[in-house]
Amino acid sequence: METRNVQTAAMETTTCPFYKGNVSLFHTATNQSSAFVFNRETNANQKSAFVLLQRFLQHQNDELRRRLAYATTKMEAMEHEVDAGRHYLEVELSRNREELEKLKDKFRRLQNSYTASQRTNQDLEEKLHTLIKKAEMDRKTLDWEIVELTNKLLDAKTTVNKLEELNGTGPCD
């Protein structure tokens with residue numbers, strides 16, 4: 001049997017379950033088509049079995065291509081979903097970063113306000129403490145003056161009573 005090279009064709013001899021004997025298959029470099037080569041002993045039944053096999057293989061090939069097309073379409077749809085999801089997440093991330101910056105700024109302002117309020121409160125507490133000390137000292141001073149004036153009043157009353165006794169007019173109540 002004579003064989004020729006078509007492009008970069010490869011010849012493979014294989015055993016077929018429908019045919020008793022060897023079958024030569026030619027595969028082109030692109031694997032898009034294959035041809036059966038029958039030798040001289042091939043009869044009509046064997047040839048029809050090969051035709052059926054070829055149809056079956058063509059059907060399987062078509063089914064595999066359909067599945068591949070479906071898988072490719074599905075993968076492209078999933079890729080689109082991933083891209084859309086990525087875009088959505090990037091937008092959300094950007095929005096959240098802006099919100100975080102606003103919250104950080106608000107926190108800094110609140111913290112500064114709190115610190116200023118704390119300083120003001122501390123100053124007011126110190127002033128109040130100073131006023132309380134001064135009021136306590138003033139109270140002690142007034143208490144001392146009251147005691148001193150009370151003592152002077154008692155001394156004066158005692159003196160008035162003694163003078164009235166001396167004058168004979170009686171004690172003053």
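Predicted model: local features only at pLDDT ≥ 70, side-chain atom pairs only at ≥ 80, totals over all residues.
Of the 173 residues in the protein, 9% are buried. When contacts between residues at least 6 apart in sequence are considered, 15% of them join residues at least 24 apart.

The mean pLDDT of the protein is 82, and 73% of the residues reach 70 or more. Among the elements, helix α1, which covers residues 44-167, has the highest mean pLDDT, at 95, whereas strand β2, which covers residues 19-27, has the lowest, at 49. Over residues 1-11 the pLDDT is below 50, and in the model this stretch has 19 contacts beyond near neighbours in sequence. The pLDDT also stays under 50 over residues 25-35, a stretch for which the model has 28 contacts beyond four places in sequence.

The buried residues of α1 are Gln-46, Ala-49, Phe-50, Leu-53, Asn-161 and Glu-164. After the helix comes Gly-168, a residue whose phi is positive, near 85 degrees.

A search of the whole structure finds 10 salt bridges. Side chains of opposite charge can pair when their charged atoms come close. One of the bridges joins Glu-63 to Arg-67, with the closest N and O atoms 3.5 Å apart. Because Glu-63 and Arg-67 are four residues apart in helix α1, about one helical turn separates them. An α-helix has 3.6 residues a turn, so residues three or four places apart point the same way. The two partners fall into separate classes of accessibility: Glu-63 counts as partly exposed because its relative accessibility is 23%, while Arg-67, with a relative accessible area of 51%, is exposed, the cut-off for exposed being over 50%. This pair also belongs to a network of salt bridges that links Glu-63, Arg-66 and Arg-67.

Another salt bridge is formed by Glu-99 and Arg-95, whose closest N and O atoms are 3.4 Å apart. These residues, Glu-99 and Arg-95, are again four residues apart in helix α1, so that about one helical turn separates them. Glu-99 is partly exposed, since its relative accessible area is 40%, and Arg-95 is likewise partly exposed, with a relative accessible area of 41%.

In a further salt bridge, the side chains of Asp-143 and Arg-139 meet at 3.6 Å, taken from N to O. Both Asp-143 and Arg-139 lie in helix α1, where they are four residues apart, or about one turn of the helix. With a relative accessible area of 36%, Asp-143 is partly exposed, and Arg-139, at 49% relative accessibility, also counts as partly exposed, because a residue is called exposed when the value is over 50%.

Technical notes: Residues numbered from 1 in each chain as written. Heavy atoms only, no water. Buried < 20%, exposed > 50% of the residue type's maximum accessible area, 1.4 Å probe, protein only. Contact = heavy atoms within 4.5 Å. pLDDT = per-residue confidence, 0-100. Helix = DSSP H or I, 4+ residues; strand = E, 2+ residues; numbered from the N terminus. Salt bridge = Lys/Arg side-chain N within 4 Å of Asp/Glu carboxyl O.
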